[in-house]
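Look at the model below before reading on.

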Amino acid sequence: MSTCAHLEQAQDPSPRTPEGCEECLASGGSWVHLRKCLSCGHIGCCDSSPSKHATAHFKEIGHPVVASFEPGETWRWCYADNLIG
C-alpha cells in the first residue's frame with residue numbers, strides 16, 4: 001500500500017461532533033457515511049451524501065487526511081495525494 005507524508009504524520013484528534021456531520025446537524029441535513037478530519041476532528045459527510053461536507057472541509061480549510069468514522073472501518077484517505085492508507 002502506498003503512503004505519503006500526510007498519512008504518516010496524521011494525528012487522531014477527538015471528534016468535534018461524534019453524533020454526526022457537523023454541518024448537517026446544524027442545518028438539519030442528512031448524510032450517508034461519516035469522515036473524521038485527522039487534523040482537527042471535524043466530522044463531515046462523505047461524497048455519497050448530498051452535501052459532501054468532508055470534501056468541502058478539505059477544500060476550504062486544507063486539512064489533507066480523513067479517516068472513516070464508521071464502526072468497524074479503519075481506513076484513511078489523503079485528499080492532497082489521492083492515497084488511501
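Q: What share of the 85 residues in the protein is buried?
A: This is a predicted model. A residue counts as buried if its relative accessible area is under 20%. Of the 85 residues in the protein, the buried share is 38%.

Q: What radius of gyration does the protein have, and why does it agree with a compact globule?
A: The chain has 85 residues. For that number, a compact globule would have a radius of gyration near 12 Å. The protein agrees with this, because its radius of gyration is 12 Å.

Q: In what order do the helices and strands of the protein run from the N terminus on?
A: The protein holds three helices and five strands. Read from the N terminus, the elements are α-α-β-β-α-β-β-β.

Q: Which strands stand at the edges of the sheet?
A: Five strands form an open, antiparallel sheet in the order β2-β1-β3-β4-β5. An edge strand has a single partner, so one side of it is left without a neighbour in the sheet. The strands at the edges are β2 (43-45) and β5 (83-84).

Q: How far apart do the centres of the positive and negative side chains lie?
A: The protein has 6 positive side chains and 10 negative ones.

Note on methods
Residues numbered from 1 in each chain as written. Predicted model: local features only at pLDDT ≥ 70, side-chain atom pairs only at ≥ 80, totals over all residues. Heavy atoms only, no water. Helix = DSSP H or I, 4+ residues; strand = E, 2+ residues; numbered from the N terminus. Rg over C-alpha atoms; globule rule 2.2 N^0.38 Å. Buried < 20%, exposed > 50% of the residue type's maximum accessible area, 1.4 Å probe, protein only. Lys, Arg positive; Asp, Glu negative; His and termini not counted. Charge placed at Lys NZ, Arg CZ, Asp CG, Glu CD. Pairing = 2+ DSSP bridges.
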